[in-house]
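Me: I have a new model to go through before the group meeting, and I would like to talk it over with you. Could you take a look at it with me?

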Amino acid sequence: MTSAHTPQPGDIPQPGDIPQPGDTPQSGGGGDVLDRWVAQVCAELGLEVAGVDVAALLDLTRDVAHGVARPAAPLTAFLVGLAAGRDAVAAGTGEAAAVRAATAAVLGLLDRRAGGADQPIRPGPASSR
């Protein structure tokens, strides 16, 4: 599928931007489909596309999925966003800086866990979903 429109920060998604059934991500992490989806979600939520470090968030969720449990990855991404929103408002900083800080905090937690500083997380009922 070819897009007639390249999404820009603040754009309203155009019909050609909407991923269609059968669209598959390109090798290397998602390509056009992922880019269009992020642009659409940002437009829907009133966020600036430029403030979203997709690679860093994908790296974070990969590390959490492999280091903790797969279901922990999307939950962690949500919690990073929630904390970043809170911190950006409380500290008066930019959202992108708050996301970087929250991501760094979680990566620090993962490093401490890998070093044996924390007890392993035992699977519970939610981890089997």
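What follows is a chat about the helices, the pocket, the salt bridges and the surface of this model.

Me: Before anything else, what kind of model is this, and which pLDDT do local features need?
Reply: This is a predicted model, in which local features need pLDDT of at least 70 and side-chain atom pairs count only at pLDDT 80 or more, while totals for chains, interfaces and linings use all residues. Residues are numbered from 1 along each chain as its sequence is written, and side-chain values use heavy atoms, with hydrogens and water left out.

Me: OK, how many helices and strands does the protein chain have?
Reply: The protein chain has 4 helices and 0 strands, and from the N terminus on its elements run α-α-α-α. Helices (H or I, at least four residues) and strands (E, at least two) are DSSP runs, numbered from the N terminus.

Me: And how much of the chain is buried?
Reply: Buried residues make up 18% of the 129 residues in the protein chain, where buried means under 20% relative accessible area, exposed means over 50%, and partly exposed lies in between (1.4 Å probe, protein chains only).

Me: Switching to pockets, what volume does the largest pocket have?
Reply: The largest pocket has a volume of about 910 Å³, a volume being the space filled by probe spheres set on grid points that are joined across faces, edges and corners. On a 1 Å grid over the protein atoms alone, a pocket is an open set of points where a 1.4 Å probe fits, with protein on both sides within 12 Å along at least five of seven lines, and lining residues have an atom within 4 Å of a point.

Me: Which residues lie nearest its centre, and which elements give two or more residues to the lining?
Reply: Of the 27 residues that line the largest pocket, Cys 42, Leu 47, Val 52, Leu 57 and Val 99 lie nearest its centre. The elements giving two or more residues to this lining are α1 (31-45), α2 (54-67), α3 (72-91) and α4 (95-114), and α3 gives the most, with 8 residues.

Me: What is the lining like by class?
Reply: The lining of the largest pocket has 19 nonpolar, 5 polar and 3 charged residues, with Ala, Val, Leu, Ile, Met, Phe, Trp, Tyr, Cys and Pro counted as nonpolar, Asp, Glu, Lys and Arg as charged, and the others, Gly among them, as polar.

Me: Now salt bridges: how many are there in the whole structure, and which residues are linked in a network?
Reply: A search of the whole structure finds 3 salt bridges, each defined as a side-chain nitrogen of Lys or Arg within 4 Å of a carboxyl oxygen of Asp or Glu. Asp 59, Arg 62 and Asp 63 are linked in a network, in which Arg 62 pairs with Asp 59 at 3.2 Å between the closest N and O atoms and with Asp 63 at 3.1 Å, N to O.

Me: How far apart are Arg 62 and Asp 59 in helix α2?
Reply: Arg 62 and Asp 59 are 3 residues apart in helix α2, which means that they are separated by about one helical turn. Arg 62 is partly exposed at 43% relative accessibility, as are Asp 59 at 35% and Asp 63 at 28%.

Me: What about Asp 87 and Arg 86?
Reply: Their side chains meet in a salt bridge at 2.8 Å, N to O; Arg 86 is exposed, with a relative accessible area of 53%, whereas Asp 87 is partly exposed at 30%.

Me: Last one, where does Asp 53 lie, and how far is its C-alpha atom from that of Arg 100?
Reply: Asp 53 lies in the loop between α1 and α2, and its C-alpha atom is separated by 8.6 Å from that of Arg 100, although the two residues are 47 residues apart along the chain.
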